[in-house]
Amino acid sequence: MIDNISELITNVPELGAGSLGIVDDASVVVENGKVVAIGPAGALADQRLDAGGRCVLPGFVDSHTHLVFAGERAEEFTRRMAGEPYDGGGIRVTTEATRAASRQALRASLHRRLREVHRAGTTTVEIKSGYGLSVESEALITSLAGEVTAETTFLGAHVVPSEYRGRADDYTALVCGPMLESVRPHARWIDVFCETGAFNVDQSRAVLEAGRNAGLGLRLHANQLDHGPGVRLGVEMGCASVDHCTYLSDDDLEMLAASDTVATFLPAADFSTRQPYPDARRAIDAGVQVAIASNCNPGSSYTTSISFCIALAVRDMRMTIDEAIAAVTTGGAAALRRSDVGRLSPGGPAHLAILDAPSRHHLAYRPGVPLIWRTVGADYRLPSTGDRGGG
Ligand code: NIG
(Lines give C-alpha, C1' and ligand atoms only; values in the text may rest on other atoms or scores of the structure.)
Protein backbone atom coordinates (compact mmCIF):
# COMPACT_ATOMS: atom_id res chain seq x y z
CA MET A 1 0.00 0.00 0.00
CA ILE A 2 1.17 3.50 -0.85
CA ASP A 3 -0.45 5.63 1.78
CA ASN A 4 -0.69 9.26 2.81
CA ILE A 5 -0.92 10.61 -0.77
CA SER A 6 -1.86 14.29 -0.83
CA GLU A 7 -3.19 14.23 -4.39
CA LEU A 8 -3.67 11.09 -6.50
CA ILE A 9 -4.14 11.60 -10.24
CA THR A 10 -5.89 8.57 -11.75
CA ASN A 11 -6.94 9.91 -15.17
CA VAL A 12 -10.23 8.06 -14.57
CA PRO A 13 -13.00 10.65 -14.04
CA GLU A 14 -15.27 8.04 -12.36
CA LEU A 15 -12.68 7.63 -9.58
CA GLY A 16 -12.16 11.28 -8.64
CA ALA A 17 -12.60 14.94 -9.44
CA GLY A 18 -12.38 16.53 -12.88
CA SER A 19 -11.05 15.07 -16.11
CA LEU A 20 -7.88 13.86 -14.31
CA GLY A 21 -9.96 11.91 -11.75
CA ILE A 22 -8.12 13.44 -8.78
CA VAL A 23 -8.53 11.84 -5.34
CA ASP A 24 -7.30 13.89 -2.35
CA ASP A 25 -5.85 12.18 0.77
CA ALA A 26 -5.67 8.81 -0.92
CA SER A 27 -4.00 5.41 -0.76
CA VAL A 28 -3.29 2.87 -3.51
CA VAL A 29 -3.04 -0.87 -2.90
CA VAL A 30 -0.70 -2.71 -5.28
CA GLU A 31 -0.41 -6.50 -5.64
CA ASN A 32 1.79 -8.34 -8.13
CA GLY A 33 2.38 -5.21 -10.16
CA LYS A 34 -1.32 -4.36 -10.45
CA VAL A 35 -3.47 -1.73 -8.73
CA VAL A 36 -6.05 -3.61 -6.69
CA ALA A 37 -7.70 -0.75 -4.80
CA ILE A 38 -7.78 3.02 -4.48
CA GLY A 39 -9.15 4.43 -1.25
CA PRO A 40 -8.80 7.00 1.51
CA ALA A 41 -5.49 7.52 3.29
CA GLY A 42 -4.92 5.91 6.68
CA ALA A 43 -6.17 2.35 6.11
CA LEU A 44 -4.13 -0.48 7.65
CA ALA A 45 -1.78 -2.63 5.59
CA ASP A 46 1.12 -5.05 6.23
CA GLN A 47 3.50 -3.37 3.82
CA ARG A 48 3.07 0.34 3.74
CA LEU A 49 5.05 2.97 1.83
CA ASP A 50 4.34 6.34 3.40
CA ALA A 51 4.15 8.87 0.58
CA GLY A 52 4.47 11.59 3.22
CA GLY A 53 1.82 13.87 1.73
CA ARG A 54 3.28 13.70 -1.78
CA CYS A 55 1.41 13.75 -5.09
CA VAL A 56 1.11 10.49 -7.07
CA LEU A 57 0.32 10.25 -10.76
CA PRO A 58 0.38 7.59 -13.48
CA GLY A 59 3.92 7.02 -14.76
CA PHE A 60 4.61 9.14 -17.84
CA VAL A 61 4.15 7.62 -21.31
CA ASP A 62 7.02 8.92 -23.47
CA SER A 63 5.83 8.11 -26.99
CA HIS A 64 8.79 9.54 -28.95
CA THR A 65 12.47 8.80 -28.23
CA HIS A 66 15.59 7.85 -30.16
CA LEU A 67 17.50 6.15 -27.31
CA VAL A 68 19.85 3.94 -29.36
CA PHE A 69 22.84 5.90 -30.64
CA ALA A 70 26.55 6.51 -30.06
CA GLY A 71 28.38 9.79 -29.52
CA GLU A 72 26.96 13.22 -28.81
CA ARG A 73 26.65 16.61 -30.55
CA ALA A 74 27.31 19.22 -27.89
CA GLU A 75 29.37 21.29 -30.34
CA GLU A 76 26.47 21.41 -32.80
CA PHE A 77 24.19 22.57 -29.97
CA THR A 78 26.67 25.30 -29.02
CA ARG A 79 26.85 26.50 -32.64
CA ARG A 80 23.05 26.62 -32.71
CA MET A 81 22.94 28.71 -29.56
CA ALA A 82 25.30 31.08 -31.39
CA GLY A 83 22.80 31.40 -34.25
CA GLU A 84 23.31 28.46 -36.62
CA PRO A 85 19.95 27.02 -37.73
CA TYR A 86 18.95 23.37 -37.20
CA ASP A 87 18.31 21.39 -40.41
CA GLY A 88 18.61 17.74 -39.35
CA GLY A 89 21.94 17.30 -41.16
CA GLY A 90 23.62 16.24 -37.91
CA ILE A 91 21.66 12.97 -38.06
CA ARG A 92 24.43 11.75 -40.43
CA VAL A 93 27.09 12.60 -37.83
CA THR A 94 25.34 10.40 -35.25
CA THR A 95 24.85 7.71 -37.90
CA GLU A 96 28.60 7.54 -38.48
CA ALA A 97 29.30 7.20 -34.75
CA THR A 98 26.54 4.61 -34.30
CA ARG A 99 27.71 2.46 -37.22
CA ALA A 100 31.22 2.44 -35.70
CA ALA A 101 30.02 1.34 -32.24
CA SER A 102 29.85 -2.28 -31.13
CA ARG A 103 26.63 -4.05 -30.15
CA GLN A 104 27.81 -4.12 -26.51
CA ALA A 105 28.60 -0.39 -26.44
CA LEU A 106 25.22 0.50 -27.97
CA ARG A 107 23.41 -1.78 -25.52
CA ALA A 108 25.29 -0.32 -22.53
CA SER A 109 24.51 3.27 -23.47
CA LEU A 110 20.86 2.37 -24.15
CA HIS A 111 20.62 0.84 -20.66
CA ARG A 112 22.18 3.90 -19.08
CA ARG A 113 19.63 6.16 -20.79
CA LEU A 114 16.80 3.84 -19.85
CA ARG A 115 17.70 4.15 -16.19
CA GLU A 116 17.60 7.93 -16.68
CA VAL A 117 14.14 7.55 -18.28
CA HIS A 118 12.98 5.62 -15.20
CA ARG A 119 14.37 8.20 -12.80
CA ALA A 120 12.41 10.81 -14.79
CA GLY A 121 9.11 9.11 -13.87
CA THR A 122 8.48 7.52 -17.28
CA THR A 123 7.05 4.01 -17.15
CA THR A 124 6.23 3.42 -20.84
CA VAL A 125 8.72 4.34 -23.55
CA GLU A 126 8.75 4.13 -27.33
CA ILE A 127 12.20 3.78 -28.94
CA LYS A 128 12.97 4.54 -32.61
CA SER A 129 15.83 3.39 -34.79
CA GLY A 130 17.14 5.86 -37.37
CA TYR A 131 20.86 6.24 -36.69
CA GLY A 132 21.91 3.10 -38.60
CA LEU A 133 20.52 3.81 -42.08
CA SER A 134 21.89 0.53 -43.47
CA VAL A 135 20.23 -2.89 -43.48
CA GLU A 136 22.63 -4.32 -40.92
CA SER A 137 22.75 -1.34 -38.58
CA GLU A 138 18.99 -0.68 -38.54
CA ALA A 139 18.41 -4.39 -37.76
CA LEU A 140 20.86 -4.16 -34.86
CA ILE A 141 19.29 -0.99 -33.45
CA THR A 142 15.71 -2.27 -33.62
CA SER A 143 16.76 -5.57 -32.04
CA LEU A 144 18.45 -3.71 -29.14
CA ALA A 145 15.34 -1.56 -28.67
CA GLY A 146 13.19 -4.71 -28.83
CA GLU A 147 15.18 -6.25 -25.97
CA VAL A 148 13.82 -3.59 -23.62
CA THR A 149 10.43 -2.42 -24.95
CA ALA A 150 7.56 -3.65 -27.11
CA GLU A 151 7.12 -0.08 -28.43
CA THR A 152 9.86 -0.18 -31.07
CA THR A 153 9.75 1.94 -34.21
CA PHE A 154 11.64 1.45 -37.48
CA LEU A 155 12.85 4.86 -38.72
CA GLY A 156 15.13 3.85 -41.60
CA ALA A 157 13.65 6.88 -43.43
CA HIS A 158 15.21 9.39 -41.04
CA VAL A 159 17.50 11.05 -43.60
CA VAL A 160 19.19 9.85 -46.79
CA PRO A 161 22.65 8.57 -45.71
CA SER A 162 25.80 10.03 -47.28
CA GLU A 163 26.44 7.04 -49.57
CA TYR A 164 23.01 7.59 -51.20
CA ARG A 165 23.41 11.38 -51.58
CA GLY A 166 21.39 12.49 -54.63
CA ARG A 167 19.67 9.08 -54.85
CA ALA A 168 16.82 9.46 -52.38
CA ASP A 169 14.48 7.26 -54.43
CA ASP A 170 17.02 4.43 -54.45
CA TYR A 171 17.43 4.73 -50.70
CA THR A 172 13.64 4.78 -50.23
CA ALA A 173 13.46 1.51 -52.18
CA LEU A 174 16.09 0.00 -49.84
CA VAL A 175 14.06 1.11 -46.79
CA CYS A 176 10.84 -0.35 -48.23
CA GLY A 177 12.52 -3.63 -49.23
CA PRO A 178 15.50 -5.34 -47.58
CA MET A 179 15.74 -2.94 -44.61
CA LEU A 180 12.09 -3.33 -43.66
CA GLU A 181 12.44 -7.10 -44.07
CA SER A 182 15.42 -7.17 -41.67
CA VAL A 183 13.77 -5.13 -38.90
CA ARG A 184 10.32 -6.71 -39.21
CA PRO A 185 10.79 -9.23 -36.35
CA HIS A 186 11.70 -6.45 -33.89
CA ALA A 187 9.46 -3.49 -34.83
CA ARG A 188 5.87 -2.60 -33.94
CA TRP A 189 5.79 0.73 -35.78
CA ILE A 190 7.21 2.42 -38.89
CA ASP A 191 8.02 6.14 -39.03
CA VAL A 192 9.32 8.65 -41.64
CA PHE A 193 10.81 12.13 -41.36
CA CYS A 194 8.65 13.96 -43.92
CA GLU A 195 10.34 17.34 -44.25
CA THR A 196 12.38 19.36 -46.75
CA GLY A 197 15.92 17.92 -46.56
CA ALA A 198 14.63 14.48 -45.47
CA PHE A 199 11.85 12.67 -47.40
CA ASN A 200 9.23 14.20 -49.69
CA VAL A 201 5.56 13.32 -49.51
CA ASP A 202 5.71 10.61 -52.22
CA GLN A 203 8.71 8.90 -50.64
CA SER A 204 7.08 9.17 -47.20
CA ARG A 205 3.84 7.65 -48.50
CA ALA A 206 5.77 4.78 -50.10
CA VAL A 207 7.52 3.98 -46.79
CA LEU A 208 4.28 4.11 -44.79
CA GLU A 209 2.50 1.89 -47.34
CA ALA A 210 5.33 -0.65 -47.24
CA GLY A 211 5.20 -0.65 -43.44
CA ARG A 212 1.46 -1.09 -43.41
CA ASN A 213 1.73 -4.02 -45.86
CA ALA A 214 4.27 -5.59 -43.50
CA GLY A 215 1.80 -5.29 -40.61
CA LEU A 216 3.40 -2.33 -38.79
CA GLY A 217 1.52 0.58 -37.22
CA LEU A 218 2.19 4.02 -38.71
CA ARG A 219 3.68 7.21 -37.26
CA LEU A 220 5.24 10.28 -38.84
CA HIS A 221 7.66 13.14 -38.09
CA ALA A 222 6.20 16.22 -39.81
CA ASN A 223 5.86 20.00 -39.80
CA GLN A 224 8.92 20.43 -37.56
CA LEU A 225 10.85 23.03 -39.54
CA ASP A 226 8.09 24.59 -41.64
CA HIS A 227 4.55 24.20 -42.90
CA GLY A 228 4.19 21.26 -45.28
CA PRO A 229 2.10 18.33 -46.46
CA GLY A 230 3.13 15.93 -43.66
CA VAL A 231 0.12 16.32 -41.37
CA ARG A 232 -2.27 15.76 -44.27
CA LEU A 233 -0.37 12.63 -45.28
CA GLY A 234 -0.33 11.34 -41.69
CA VAL A 235 -4.08 11.76 -41.31
CA GLU A 236 -4.84 10.29 -44.75
CA MET A 237 -2.71 7.24 -43.97
CA GLY A 238 -4.32 6.77 -40.53
CA CYS A 239 -1.10 7.31 -38.57
CA ALA A 240 -1.47 6.82 -34.81
CA SER A 241 0.49 10.03 -34.34
CA VAL A 242 2.07 12.89 -36.27
CA ASP A 243 5.01 14.18 -34.24
CA HIS A 244 6.48 17.69 -33.92
CA CYS A 245 3.54 19.69 -35.43
CA THR A 246 5.43 22.90 -34.69
CA TYR A 247 3.79 24.51 -37.73
CA LEU A 248 0.06 23.79 -38.11
CA SER A 249 -2.26 25.46 -40.62
CA ASP A 250 -6.01 25.81 -40.09
CA ASP A 251 -6.49 22.94 -42.58
CA ASP A 252 -4.06 20.76 -40.62
CA LEU A 253 -5.99 21.44 -37.42
CA GLU A 254 -9.31 20.68 -39.06
CA MET A 255 -8.04 17.38 -40.44
CA LEU A 256 -6.44 16.33 -37.16
CA ALA A 257 -9.57 17.20 -35.17
CA ALA A 258 -11.72 15.06 -37.44
CA SER A 259 -9.36 12.08 -37.19
CA ASP A 260 -8.03 9.69 -34.56
CA THR A 261 -4.45 10.77 -35.30
CA VAL A 262 -2.77 12.32 -32.25
CA ALA A 263 -0.67 15.49 -32.63
CA THR A 264 2.45 14.85 -30.53
CA PHE A 265 4.33 17.98 -29.50
CA LEU A 266 8.04 17.81 -28.69
CA PRO A 267 8.72 21.12 -26.93
CA ALA A 268 12.23 20.20 -25.77
CA ALA A 269 13.21 19.97 -29.47
CA ASP A 270 11.79 23.43 -30.14
CA PHE A 271 13.69 24.69 -27.07
CA SER A 272 16.95 23.12 -28.22
CA THR A 273 16.69 24.18 -31.86
CA ARG A 274 15.33 27.67 -31.18
CA GLN A 275 12.17 26.92 -33.16
CA PRO A 276 8.91 28.59 -32.13
CA TYR A 277 6.74 26.47 -29.83
CA PRO A 278 3.61 24.91 -31.32
CA ASP A 279 0.37 26.71 -30.59
CA ALA A 280 -1.08 23.97 -28.42
CA ARG A 281 -3.92 26.20 -27.19
CA ARG A 282 -5.20 26.59 -30.75
CA ALA A 283 -4.91 22.83 -31.38
CA ILE A 284 -6.72 21.83 -28.18
CA ASP A 285 -9.44 24.42 -28.74
CA ALA A 286 -9.90 23.04 -32.27
CA GLY A 287 -10.56 19.59 -30.77
CA VAL A 288 -7.24 17.91 -31.60
CA GLN A 289 -6.07 15.09 -29.31
CA VAL A 290 -2.55 16.03 -28.21
CA ALA A 291 0.40 14.28 -26.60
CA ILE A 292 3.77 15.54 -25.38
CA ALA A 293 6.96 13.49 -25.52
CA SER A 294 10.66 14.05 -24.77
CA ASN A 295 12.12 13.20 -28.23
CA CYS A 296 15.34 12.23 -26.44
CA ASN A 297 18.09 12.18 -29.10
CA PRO A 298 21.63 13.59 -29.30
CA GLY A 299 20.80 16.30 -31.86
CA SER A 300 17.57 18.20 -31.41
CA SER A 301 16.53 17.28 -27.85
CA TYR A 302 19.02 15.61 -25.52
CA THR A 303 16.72 15.25 -22.52
CA THR A 304 14.65 12.48 -20.95
CA SER A 305 12.86 14.94 -18.65
CA ILE A 306 9.10 14.90 -19.10
CA SER A 307 8.88 17.34 -16.17
CA PHE A 308 10.87 19.84 -18.26
CA CYS A 309 8.48 19.30 -21.20
CA ILE A 310 5.49 19.93 -18.92
CA ALA A 311 7.03 23.19 -17.72
CA LEU A 312 7.60 24.34 -21.32
CA ALA A 313 4.05 23.37 -22.29
CA VAL A 314 2.55 25.40 -19.48
CA ARG A 315 4.91 28.39 -19.77
CA ASP A 316 5.29 28.62 -23.53
CA MET A 317 2.53 26.62 -25.20
CA ARG A 318 -0.37 28.04 -23.20
CA MET A 319 -1.50 24.65 -21.88
CA THR A 320 -2.97 24.32 -18.41
CA ILE A 321 -1.13 22.02 -16.00
CA ASP A 322 -4.02 19.53 -16.23
CA GLU A 323 -3.81 19.52 -20.06
CA ALA A 324 -0.05 19.03 -19.90
CA ILE A 325 -0.38 16.12 -17.46
CA ALA A 326 -3.03 14.50 -19.66
CA ALA A 327 -0.73 14.97 -22.68
CA VAL A 328 2.15 13.02 -21.06
CA THR A 329 -0.06 10.21 -19.73
CA THR A 330 -3.31 9.45 -21.59
CA GLY A 331 -2.11 11.50 -24.58
CA GLY A 332 1.11 9.48 -24.91
CA ALA A 333 -0.91 6.30 -24.48
CA ALA A 334 -3.30 7.34 -27.30
CA ALA A 335 -0.29 8.12 -29.52
CA LEU A 336 0.74 4.49 -29.02
CA ARG A 337 -2.86 3.28 -29.37
CA ARG A 338 -2.76 1.96 -25.81
CA SER A 339 -5.54 2.18 -23.23
CA ASP A 340 -3.87 0.09 -20.51
CA VAL A 341 -1.20 2.64 -19.52
CA GLY A 342 -1.28 6.32 -18.55
CA ARG A 343 -4.02 5.84 -15.93
CA LEU A 344 -4.40 4.24 -12.50
CA SER A 345 -7.42 2.07 -11.80
CA PRO A 346 -8.13 -1.25 -10.10
CA GLY A 347 -7.06 -4.07 -12.42
CA GLY A 348 -4.59 -1.87 -14.32
CA PRO A 349 -0.80 -1.88 -14.06
CA ALA A 350 0.76 -0.19 -11.03
CA HIS A 351 3.03 2.13 -13.01
CA LEU A 352 3.30 5.35 -11.10
CA ALA A 353 5.40 8.40 -10.42
CA ILE A 354 5.56 9.88 -6.92
CA LEU A 355 6.46 13.58 -6.87
CA ASP A 356 8.54 15.16 -4.15
CA ALA A 357 5.82 17.79 -3.97
CA PRO A 358 2.29 18.05 -2.61
CA SER A 359 0.53 18.78 -5.92
CA ARG A 360 0.85 18.43 -9.69
CA HIS A 361 1.26 22.20 -10.09
CA HIS A 362 4.86 21.92 -8.88
CA LEU A 363 5.83 20.22 -12.15
CA ALA A 364 5.54 23.60 -13.90
CA TYR A 365 6.02 25.83 -10.86
CA ARG A 366 9.48 24.37 -9.98
CA PRO A 367 11.18 23.98 -13.40
CA GLY A 368 14.57 22.31 -13.50
CA VAL A 369 14.16 20.72 -10.06
CA PRO A 370 14.26 16.90 -9.98
CA LEU A 371 10.77 16.32 -8.58
CA ILE A 372 10.42 12.57 -9.13
CA TRP A 373 10.77 11.00 -5.66
CA ARG A 374 10.05 7.38 -6.75
CA THR A 375 9.07 5.64 -9.97
CA VAL A 376 7.10 2.43 -9.35
CA GLY A 377 6.84 -0.27 -12.06
CA ALA A 378 7.50 0.09 -15.78
CA ASP A 379 6.28 -1.27 -19.06
CA TYR A 380 9.88 -1.84 -20.24
CA ARG A 381 12.68 -4.09 -19.03
CA LEU A 382 14.85 -2.03 -16.73
CA PRO A 383 18.43 -3.33 -16.79
CA SER A 384 20.32 -3.83 -13.55
CA THR A 385 22.43 -0.97 -12.24
CA GLY A 386 25.58 -3.10 -12.55
CA ASP A 387 25.73 -2.24 -16.24
CA ARG A 388 27.21 1.27 -16.28
CA GLY A 389 27.93 1.67 -20.00
CA GLY A 390 29.35 4.76 -21.64
CA GLY A 391 28.40 7.27 -24.30
O1 NIG B 1 12.78 14.05 -33.93
N2 NIG B 1 13.49 15.31 -36.75
C3 NIG B 1 14.08 14.31 -36.91
N4 NIG B 1 14.62 13.47 -36.00
C5 NIG B 1 14.98 13.89 -34.67
C6 NIG B 1 16.26 14.67 -34.67
C7 NIG B 1 17.44 13.82 -34.78
C8 NIG B 1 18.79 14.52 -34.74
O9 NIG B 1 18.96 15.73 -34.99
O10 NIG B 1 19.71 13.73 -34.52
C11 NIG B 1 13.84 14.66 -34.07
O12 NIG B 1 13.97 15.84 -33.72
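**Ground rules.** I number residues from 1 along each chain as its sequence is written, and side-chain values use heavy atoms, with hydrogens and water left out. In this predicted model, local features need pLDDT of at least 70 and side-chain atom pairs count only at pLDDT 80 or more, while totals for chains, interfaces and linings use all residues.

**Ligand shell.** I looked up which residues surround the ligand and found 15 (a heavy atom within 4 Å of the ligand). The closest are Arg-73, Tyr-86, Tyr-131, His-158 and Ser-300. By class, I read four nonpolar, 10 polar and one charged (Ala, Val, Leu, Ile, Met, Phe, Trp, Tyr, Cys and Pro are nonpolar, Asp, Glu, Lys and Arg charged, the others, Gly among them, polar).

**Polar atoms at the ligand.** I next checked pairs of N or O atoms within 3.5 Å. Gln-224 puts a polar side-chain atom 2.8 Å from a ligand nitrogen. For His-244, a side-chain N or O atom is 3.0 Å from a ligand oxygen, and for His-64 a polar side-chain atom lies 3.5 Å from a ligand oxygen. The protein buries 100% of the 330 Å² that the ligand exposes when taken alone (Shrake-Rupley method, 1.4 Å probe).

**Cysteines.** Cys-194 is buried at 6% relative accessible area (buried means under 20%, 1.4 Å probe, protein chains only), and Cys-309 is buried at 0%.

How values were computed. A polar contact is a pair of N or O atoms within 3.5 Å; within protein, one must be able to donate a hydrogen and the other to accept it, and residues adjacent in sequence count only if both atoms are side-chain atoms. Buried means under 20% relative accessible area, exposed over 50%, partly exposed in between (1.4 Å probe, protein chains only).
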